[in-house]
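Work through the exercises below with the sequence and the 3D view open. Try each task before reading its solution.

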Amino acid sequence: MSASAVSSESRTNPVIQWLLEGDPAIRWQVLRDLLGTAESGVERERRKVARIGWGARLLAKQNAAGSWARGRSSDGGLYSPKWISTTYTMLLLRDFGLQPTARAARSACSSMEAFGPTVA
């Protein structure tokens, strides 16, 4: 079945409609994985992750140094407290589809580099 056939049939599916009404973090993946939308359309939606919805709300909590958790731990919030640290927040933003070139992502990576080289 062609991508256009999948797309036209799927767009009438109420579950697909419900997913498309959700957050950009969900929409871009629905467009890519379920509807076979062209890459340009998928990327246009994915860029919204940094500006709208869950991704934007997480990014709004990032401090000026580029990290999260307000340094509430000896590692400056890099790995702890669990779930709200810089590492966990960046993993979630990656899953949401935040593009690696986004300014906030680059800032967070710089703050992580401050803790030294990673172990390979």
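**Exercise 1: a glutamine and its neighbours**

Task: Find the residues that Q62 contacts, setting aside those within four places in sequence.

Solution. Step 1: The model is a predicted one. In this model Q62 is in contact with S67, W68, A104, S107 and A108 once neighbours within four places in sequence are left aside.
Step 1: Q62 belongs to the loop between α5 and α6.
Step 2: Decide on burial. Buried means a relative accessible area under 20%. Q62 has 16%, so Q62 is buried.
Step 3: A polar atom of the Q62 side chain lies 3.0 Å from the backbone oxygen of G66.

**Exercise 2: the overall make-up**

Task: State how many helices and how many strands the protein has, and what share of its residues is buried.

Solution. Step 1: Count the elements. The protein has seven helices and zero strands. Read from the N terminus, the order is α-α-α-α-α-α-α.
Step 1: Turn to burial. Of the 120 residues in the protein, 38% are buried.

**Exercise 3: one side of a helix**

Task: Name the buried residues of helix α4 and say on which side or sides of α4 they sit.

Solution. Step 1: Helix α4 spans residues 39-46, and its buried residues are G41, V42, E45 and R46.
Step 1: These residues cover an arc of only 135 degrees around the axis, so they lie on the same side of α4.
Step 2: Find what covers them. The cover of the buried residues of α4 includes α3 (24-33).

**Exercise 4: the largest pocket**

Task: Describe the space in the largest pocket and the residues that line the pocket.

Solution. Step 1: The largest pocket holds about 240 Å³ of space.
Step 1: Twelve residues line the largest pocket, and those closest to its centre are L58, K61, W68, I84 and T89.
Step 2: The most comes from α6, with three residues.
Step 3: Sort the lining by class. There are seven nonpolar, one polar and four charged residues.

**Exercise 5: two accessibilities**

Task: Classify W83 and Q17 as buried, partly exposed or exposed.

Solution. Step 1: W83 is in the loop between α5 and α6. Its relative accessibility is 62%, so W83 is exposed, the cut-off being over 50%.
Step 1: Check the backbone. Phi of W83 is near 80 degrees, a positive value in a residue other than glycine.
Step 2: Q17 is in helix α2 (residues 14-20). With a relative accessible area of 31%, Q17 is partly exposed.
Step 3: Q17 and V30 are 13 residues apart along the chain, and their C-alpha atoms are separated by 9.8 Å.

Methods:
Residues are numbered from 1 along each chain as its sequence is written. This is a predicted model: local features need pLDDT of at least 70, side-chain atom pairs count only at pLDDT 80 or more; totals for chains, interfaces and linings use all residues. Side-chain values use heavy atoms; hydrogens and water are left out. Buried means under 20% relative accessible area, exposed over 50%, partly exposed in between (1.4 Å probe, protein chains only). Helices (H or I, at least four residues) and strands (E, at least two) are DSSP runs, numbered from the N terminus. The arc is that of the directions from the helix axis to the C-beta atoms. Contact means heavy atoms within 4.5 Å. On a 1 Å grid over the protein atoms alone, a cavity is a set of points where a 1.4 Å probe fits but cannot get out, and a pocket is an open set with protein on both sides within 12 Å along at least five of seven lines; lining residues have an atom within 4 Å of a point. Grid points are joined across faces, edges and corners, and a volume is the space filled by probe spheres set on the points. Ala, Val, Leu, Ile, Met, Phe, Trp, Tyr, Cys and Pro count as nonpolar, Asp, Glu, Lys and Arg as charged, and the others, Gly among them, as polar. A polar contact is a pair of N or O atoms within 3.5 Å; within protein, one must be able to donate a hydrogen and the other to accept it, and residues adjacent in sequence count only if both atoms are side-chain atoms.
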